[in-house]
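Biologist: I'm new to reading structures, and I'd like to take a close look at one part of this one. Could you walk me through it slowly?

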Amino acid sequence: MNWAERAAQHDAQDALAGFRSQFAGHDDPAVPAYLDGNSLGRPPLAAKQRWADFVETEWGGRLIRGWDEGWFAKPLALGDRIAAATLGAAAGQTIVGDSTTVSLYKLVHAALAARPDRSEIVVDRGNFPTDRYIVEGIARDTGRTIRWIDVELGAGVTPDDVAAVIGDQTAVVLLSHVAFRSGFVADVPAITAAVHEAGGLVVWDLCHSVGVLPIELDAWGVDFAAGCSYKYLNGGPGAPAFLYVRAEHHELAQQPIQGWMGVRDSFEMGPVYEPAEGIRRFVSGTPPVNAMIGIEAMLDLVEEAGIGAIREKSVALTEFAIELYDALLAPSGVELTSPRDAAVRGGHVTIDHERFPALIGELWSEGVIPDFRPPAGIRLGLSPLSTSFAEVEHAISRIAAGLAR
Ligand SMILES: *Cc1c(COP(=O)(O)O)cnc(C)c1O
């Protein structure tokens, strides 16, 4: 059996294969392989009808009454739904509304407010740029010191790495659950426990794990978390992030952007800021209700498939990608810069070669769309509900053909 036949066999046996047709563009002949669903998920087809209904009925029909009839409640209601479907978190601890960047800013500040006498913030050099930049700015503005963790290409932060830098000055540790470049899965419960042992708090960035890996924020003891909704949650460009704050921190962990939407009674329009009870105090301004529509359409599909089955297909897809890599790319000197062990590998696989910076444009022009990550990485993002095994085979065969030219 050749590789294309192997891919077809995997697709034929895939219990989740039926979901693929529920995404716009899945059969577009101009894009034979979309492997960037971990950066921007495909549109769920149902989003179209939801958008039309929203414009006509909710926005057009209800006009400003819509705020009282559900929009004000939306950051919490949608937060609870994301929490139940994907975060392993009980209701009342999650909101939706700002970007991940702004959410991380709020959470790191909130953690510092809960640990005012400690001077250090821990972050890793392999973390996503926005995470590092946010910490740099907050450290500068609050006179804190950054303790950096160094990470090798292809790897991620381990409990030992964290143990080596935390201590009695650690206020907060900001790490990613799944490393954006390598796909390495951090041991969230072990690292969280170690940071707590040292008296610090954790902020977990879930951008590359939400919707593709099982997450148990409550059981793992996580203090704070945030993540994107436009990656594996397919909310579309501009869909807002979610933010989680463990219930026991709602009082002490003051957030820095105290706006009128996070107060006890927004329409009292009172003279001073009086934060609302519970998670609502983490809301700042008017929520982007119209940008939440795509997320809801995707949650319908995630709930139907179940995170367990999604993770199973995710592992099968990345295993197949690595099999193809071994057969077709390793002989040309391509390096695998993701973990081989599926237990510590998230939903994407990264490969590196000095010719990739030149090759990526050619791939995109033939509708083979993975992501490029400097200095010379191609990131194959495999989104379980919308990616087929045939797409994986096609993309890797085209990369091999490109290197052979
Ligand atoms: C995609 C991503 C972000 C993006 O943040 P935005 O504010 O949505 O631009 C942040 N962190 C990680 C780890 C990411 O992968």
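Modeller: Happy to! Let's begin at the second largest pocket, where the largest share of the lining, 4 residues, comes from α10. Keep in mind as you look that this is a predicted model. Two helices, α1 (3-13) and α10 (307-329), each supply at least two residues of that lining. If you want to find the spot on your screen, the residues lining the second largest pocket are H10, Q13, D14, A15, L16, A309, E312, K313, A316 and F389. Sorted by class, this lining has 5 nonpolar, 2 polar and 3 charged residues. The volume of the second largest pocket is about 200 Å³.

For a comparison, turn to the largest pocket, which has a volume of about 250 Å³. Its lining has 21 residues, and those nearest the centre of the pocket are D124, G126, N127, F180 and R181. Here the elements giving two or more residues to the lining are α5 (129-142) and β5 (170-176). The classes in the lining of the largest pocket come to 10 nonpolar, 6 polar and 5 charged residues.

The crossing of α3 past α9 is left-handed. On the α3 side, the residues in contact are K74, L78, R81, I82, A85 and T86, and they meet I295, E296, L299, D300, V302 and E303 of α9. This contact is made up of 6 nonpolar, 1 polar and 5 charged residues.

Another partner of α9 is α2 (residues 46-62), and here the axes come within 9 Å and cross at roughly 135°. That makes α2 and α9 oblique to each other. This time the crossing is right-handed. From α2, the residues A46, A47, R50, W51 and F54 meet I293, G294, E296, A297 and D300 in α9. The contact of α2 with α9 divides into 6 nonpolar, 1 polar and 3 charged residues.

Notes: Residues are numbered from 1 along each chain as its sequence is written. This is a predicted model: local features need pLDDT of at least 70, side-chain atom pairs count only at pLDDT 80 or more; totals for chains, interfaces and linings use all residues. Side-chain values use heavy atoms; hydrogens and water are left out. A crossing is left-handed if the near helix is turned anticlockwise from the far one by less than a right angle, and right-handed if clockwise. Contact means heavy atoms within 4.5 Å. Ala, Val, Leu, Ile, Met, Phe, Trp, Tyr, Cys and Pro count as nonpolar, Asp, Glu, Lys and Arg as charged, and the others, Gly among them, as polar. On a 1 Å grid over the protein atoms alone, a cavity is a set of points where a 1.4 Å probe fits but cannot get out, and a pocket is an open set with protein on both sides within 12 Å along at least five of seven lines; lining residues have an atom within 4 Å of a point. Grid points are joined across faces, edges and corners, and a volume is the space filled by probe spheres set on the points. Axes are lines fitted to C-alpha atoms, for helices over the stretch in contact, and angles run from 0 to 180 degrees between N-to-C directions. Angles under 35 degrees count as roughly parallel, over 145 as roughly antiparallel, 65 to 115 as roughly perpendicular and the rest as oblique.
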